[in-house]
Amino acid sequence: MENYGSAKERAREMGGKGKVVFTIIVVVNGCQLGILFKPAEQVFKITGGWGWRVSLGLAGLPAGLLTLGALLVVETPNSLVERGLLEEGKAVLRRIRGTDNVEPEFLELVEASRIAKEVKHPFRNLLKRRNRPQLIIAVAMPIFQQFTGLTAIMVYTPVLFNTLGFYSDAALYSAVITGAVNFVSTFVSIYSVDKVGRRMLLLQAGVQMFLSQVAIAVILGIKVKDHSDNLHKGFVIFVVVLVCTHVAAFAWSWGPLGWLIPSETFPLETRSAGQSVTVCTNLLFTFVIAQGFHQKQR
């Protein structure tokens with residue numbers, strides 16, 4: 001939320017008739033959503049220390065939606081079978097497959113569950129030679145997912161666009177635009193991942209992200225000098241388009257596939273342990289990239 005001091009200063013610059021822009025930015029797994037609204041033609045001050053409390057409390061809205069959505073989620077057949085609830089597992093399998101002919105698949109789940117229970121040390125089992133390729137993928141995918149730079153772009157987009165010469169309102173609107181591009185482009189992956197394959201999406205998006213980043217670097221390196229933070233309007237629009245191009249490529253490739261591919265490579269007996277490695281690696285390098293980019297901003 002824009003603080004009172006900055007809002008007041010902007011109002012003075014606009015002749016005392018400025019509008020306060022209240023901004024809510026929510027970051028969910030790299031997807032940035034924004035809400036912008038202008039309540040009045042004057043400056044408001046949230047007193048009594050309620051500013052940060054309101055901002056923090058608004059995080060309860062997506063949490064509430066997730067809670068309501070969780071009420072509609074059923075137990076997975078795998079989970080029910082592993083707990084010995086075979087009939088319940090078969091019933092859920094019929095429900096999600098939409099057919100009563102699930103006996104072959106159900107027997108496979110029962111057998112896989114039996115084999116998984118025989119593995120006493122799944123994390124130690126990950127280090128065995130036969131599981132090393134899957135382990136390498138589980139570690140490498142989230143590392144390269146973060147090295148695409150998407151986390152830095154989504155978190156620091158307002159700073160980036162301010163540097164490009166946008167005013168505060170425009171920078172915030174641009175952050176919302178990139179968040180919307182991220183959200184919409186994810187549906188491209190949902191539609192095409194089983195049609196064109198995982199490998200094709202990763203290769204295509206990798207080239208697209210590389211070219212857009214090179215173009216952004218060239219423009220900023222040539223046009224933005226040490227003592228100048230303004231670009232020609234045409235260049236600014238072009239940089240915004242390039243950023244959206246990078247975000248879109250990530251959203252239909254490395255974003256969702258960075259989670260999907262590791263989950264598909266592990267057998268059932270080591271899948272939980274393997275996915276935990278993927279999650280830990282992702283969070284670790286999210287922290288590394290965010291901190292590294294933050295140091296550059298100082």
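## A pair in helix 6

How many residues apart in helix 6 are Glu111 and Arg114? Glu111 and Arg114 are three residues apart, and because of this about one helical turn separates them. The model is a predicted one. In this model the two side chains form a salt bridge, with the closest N and O atoms 2.5 Å apart.

Both partners are partly exposed. Glu111 has a relative accessibility of 37%, and Arg114 has a relative accessible area of 41%. Elsewhere in the chain, salt bridges with shared partners join Asp194, Arg198 and Glu264 into one network.

Is Lys90 buried or exposed? Lys90 counts as buried because its relative accessibility is 12%, and the cut-off for buried is under 20%. Glu103 has a relative accessibility of 36% and counts as partly exposed.

Another salt bridge brings together the side chains of Arg97 and Glu105, at 2.6 Å from N to O. Glu105 is partly exposed at 28% relative accessibility. Arg97 is also partly exposed, with a relative accessible area of 45%. As a general point, side chains of opposite charge can pair when their charged atoms come close.

## The largest nonpolar core

In soluble globular proteins, nonpolar side chains tend to be buried together. The largest nonpolar core in this model contains 22 residues. Which residues have the most contacts inside this core? They are Val243, Val247, Trp254 and Leu257.

Four elements are listed as giving two or more residues to the core: helix 9 (150-155), helix 12 (198-223), helix 13 (233-251) and helix 14 (254-265). Helix 13 provides the largest share, seven residues.

## Contacts of Val247

Val247 is one of the residues with the most contacts inside the core. Leaving aside residues up to four places away in sequence, Val247 touches Leu150, Ile153, Met154, Thr178, Val181 and Asn182.

Methods. Residues numbered from 1 in each chain as written. Predicted model: local features only at pLDDT ≥ 70, side-chain atom pairs only at ≥ 80, totals over all residues. Heavy atoms only, no water. Buried < 20%, exposed > 50% of the residue type's maximum accessible area, 1.4 Å probe, protein only. Salt bridge = Lys/Arg side-chain N within 4 Å of Asp/Glu carboxyl O. Core = buried A, V, L, I, M, F, W, Y, C linked by side-chain atoms within 4.5 Å. Contact = heavy atoms within 4.5 Å.
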